[in-house]
Amino acid sequence: MSRIGKLPITLPSNTEVSIDDKNVVTIKGPKGTLTTPVDSDIIVKTEDNLIIVERPTEQKRHKAMHGLYRSLINNMIIGVSEGYKEQLELVGVGYKASVQGQVLELSLGYSHNIFVALPAEVSVNAVTEKGKAPVVTLESNDKQLLGQVAAKIRSLRKVEPYKGKGIRFVGEVVRRKAGKTASK
């Protein structure tokens, strides 16, 4: 059996789960509502304060989906009860970030500023402290969407290995390379 799939998911007290006849799981909590369709072969049921995901057979396809849907449902529950947060750090001389509503303006050393329109489900905050790199904080209840937006912002200026300049996650370790050495 799938090690992840066989684990039951405990529901926090402030969340509600509903599963309709088309196997669509809807989870409501203080941070919002998330829904996901589950494959018709996978069985999702609630017992007491637990959600249990089961598979009908030992086919490779069912084994693969068993752990997947259990993880997706667990991520949804954490998202609507606690939420997710990503922090990006802009390392480089003159790199700046500012926010106007749902638009993030980035100055990343190009000849122009870059404007990134963010989805309504993602809230953004940019903080610049003197002597430190600007930090962009993204928050959402949808883990997948948050990761996708953070990866898109990071791809605008990837971290280069020689000086370490670029956009990185806070706490990310960048492997540095040695530059050229003078020949004698």
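1. What share of the contacts in the chain with a separation of 6 or more comes from residues 24 or more positions apart? The figure is 51%, where contact means heavy atoms within 4.5 Å.

2. A quick word on what you're looking at: this is a predicted model, where local features need pLDDT of at least 70 and side-chain atom pairs count only at pLDDT 80 or more, while totals for chains, interfaces and linings use all residues. Residues are numbered from 1 along each chain as its sequence is written, and side-chain values use heavy atoms, with hydrogens and water left out.

3. On to the overall build. The chain has 2 helices and 13 strands (DSSP runs numbered from the N terminus: H or I of at least four residues for helices, E of at least two for strands). Its radius of gyration is 21 Å, well over the 16 Å from the globule rule for 184 residues, so the chain is more spread out than a compact globule. That radius is taken over C-alpha atoms, and the rule is 2.2 Å times the number of residues to the power 0.38. Along the principal axes, the C-alpha atoms fill a box of roughly 70 × 45 × 25 Å.

4. UniProt, in an unreviewed entry, lists "domain: Large ribosomal subunit protein uL6 alpha-beta" for residues 12-83 and 91-168; such annotations may be inferred rather than shown by experiment, and feature names are shortened, with positions in the numbering used here. Residues 12-83 are 31% helix and 36% strand, with end C-alpha atoms 13 Å apart. For residues 91-168 the figures are 15% helix and 37% strand, and the ends lie 8 Å apart.

5. His62 is buried, at 4% relative accessible area. Its side chain makes a polar contact with that of Thr57 at 2.5 Å (a pair of N or O atoms within 3.5 Å; within protein, one must be able to donate a hydrogen and the other to accept it, and residues adjacent in sequence count only if both atoms are side-chain atoms).

Notes: Buried means under 20% relative accessible area, exposed over 50%, partly exposed in between (1.4 Å probe, protein chains only).
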